[in-house]
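Here is a briefing to read beside the sequence and the model.

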Amino acid sequence: MNRVDGVLKVTGGAAYVADNQVAGLAYGYLVTTTIARGTVSSMDVVDAQRSPGVLAVYSVFNPLKLFAYTQAQNDETRPPLQDTVVRYYGQAIGLVVAETFEQARDAAGLIRTLYSELPPATSF
């Protein structure tokens with residue numbers, strides 16, 4: 001069986017979705033928790049906001065207006081960024097929007113978060 005696009009792919013001539021440039025496109029990078037349970041006490045986003053290319057920084061203290069889920073879709077019961085409660089490790093607590101993915105990622109790394117940590121609730 002011959003693949004119609006095979007020659008183009010192996011010679012580097014094939015066009016991929018990522019090759020398209022869209023004018024005015026913005027990129028987002030999530031800031032996630034580094035604890036499993038507790039609350040977010042504070043988030044210092046000043047350095048991230050001042051970073052080159054950053055368009056917006058959202059957090060649990062400056063959230064996007066998101067609406068409650070209309071049906072159970074997964075284990076999430078609340079939209080992200082709507083409160084300071086940490087329910088699991090890796091929970092989204094911030095979003096940096098910038099002109100490039102790299103700018104968003106680098107600015108997200110500048111955000112300093114303080115927690116009031118509780119022991120994880122685990123069972124087998």
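The side chains of Lys 9 and Asp 5 form a salt bridge, with N and O 3.1 Å apart. A salt bridge here is a side-chain nitrogen of Lys or Arg within 4 Å of a carboxyl oxygen of Asp or Glu. This is a predicted model: local features need pLDDT of at least 70, side-chain atom pairs count only at pLDDT 80 or more, and totals for chains, interfaces and linings use all residues. Residues are numbered from 1 along each chain as its sequence is written, and side-chain values use heavy atoms, with hydrogens and water left out.

**Salt bridges**

- By this rule, the count is three salt bridges.
- Lys 9 is partly exposed at 37% relative accessibility, and Asp 5 is partly exposed at 27%. The cut-offs are under 20% relative accessible area for buried, over 50% for exposed, and in between for partly exposed (1.4 Å probe, protein chains only).
- Arg 87 and Asp 83 also join through their side chains, at 2.8 Å from N to O. Arg 87 is partly exposed, at 39%.
- Asp 106 and Arg 105 form a salt bridge too, with their closest N and O atoms 3.1 Å apart. Asp 106 is partly exposed at 45%, and Arg 105 is partly exposed at 36%.

**The open sheet**

- Three strands form an open sheet in the order S4-S2-S6, with antiparallel pairing. Helices (H or I, at least four residues) and strands (E, at least two) are DSSP runs, numbered from the N terminus.
- S4 and S6 are the edge strands, each pairing on one side only. Two strands pair if DSSP finds at least two bridges between them.
- Strand S2 (residues 38-44) pairs with S6 over six antiparallel bridges. Two bridges join S2 to S4, also antiparallel.
- Thr 39 stands opposite Ser 116 in S6. In S4, the bridge partner of Thr 39 is Val 85.
- How many of the six residues of strand S6 (residues 112-117) are buried? The number is zero, so S6 lies largely in the open.

**Strand S5 and its partners**

- Seven of the seven residues of S5 are buried, so the strand is largely enclosed by the rest of the structure.
- S1 pairs with S5 in the antiparallel sense over six bridges. Leu 30 has Leu 95 as its bridge partner in S5.
- Strand S3 (residues 54-59) pairs with S5 over five antiparallel bridges. Ala 56 stands opposite Val 97 in S5.
- Gln 91 sits in the loop between strand S4 (85-86) and strand S5 (92-98). Gln 91 is buried, with a relative accessible area of 7%.
- Gln 91 touches Val 31, Thr 32, Thr 33, Val 85 and Val 86, not counting residues up to four places away in sequence. Contact means heavy atoms within 4.5 Å.

**The nonpolar core**

- The largest nonpolar core has 17 residues, and Val 31, Met 43, Val 57, Val 96 and Ile 111 touch the most other members. S2, S3, S5 and H3 each supply at least two residues of this core.
- Such a core is a set of buried Ala, Val, Leu, Ile, Met, Phe, Trp, Tyr and Cys residues joined through side-chain atoms within 4.5 Å.
- Ile 111 lies in the loop between helix H3 (101-108) and S6. Ile 111 is buried at 8% relative accessible area.
- Beyond residues up to four places away in sequence, Ile 111 touches Val 31, Met 43, Asp 44, Val 45, Ala 48, Val 57 and Val 96.
- Ile 111 and Thr 33 are 78 residues apart in sequence and 11 Å apart in space, C-alpha to C-alpha.
- Val 57 has contacts beyond residues up to four places away in sequence, among them Leu 95, Val 96 and Ile 111.

- Most residues other than glycine have a negative phi.
- Leu 81 is in the loop between S3 and S4. Leu 81 is buried, with a relative accessible area of 6%.

**A nonpolar surface patch**

- Val 22, Leu 25, Tyr 27 and Phe 101 make a nonpolar surface patch of about 340 Å².
- Patches are made of residues with over 30% relative accessible area and no salt bridge: like charges are joined within 9 Å, nonpolar side chains (Val, Leu, Ile, Met, Phe, Trp, Tyr) within 5 Å. Accessible areas come from the Shrake-Rupley method with a 1.4 Å probe; for residues, only the protein chains shown count as cover.
- Leu 25 is in the loop between helix H1 (6-11) and strand S1 (27-32). Leu 25 is partly exposed, with a relative accessible area of 42%.
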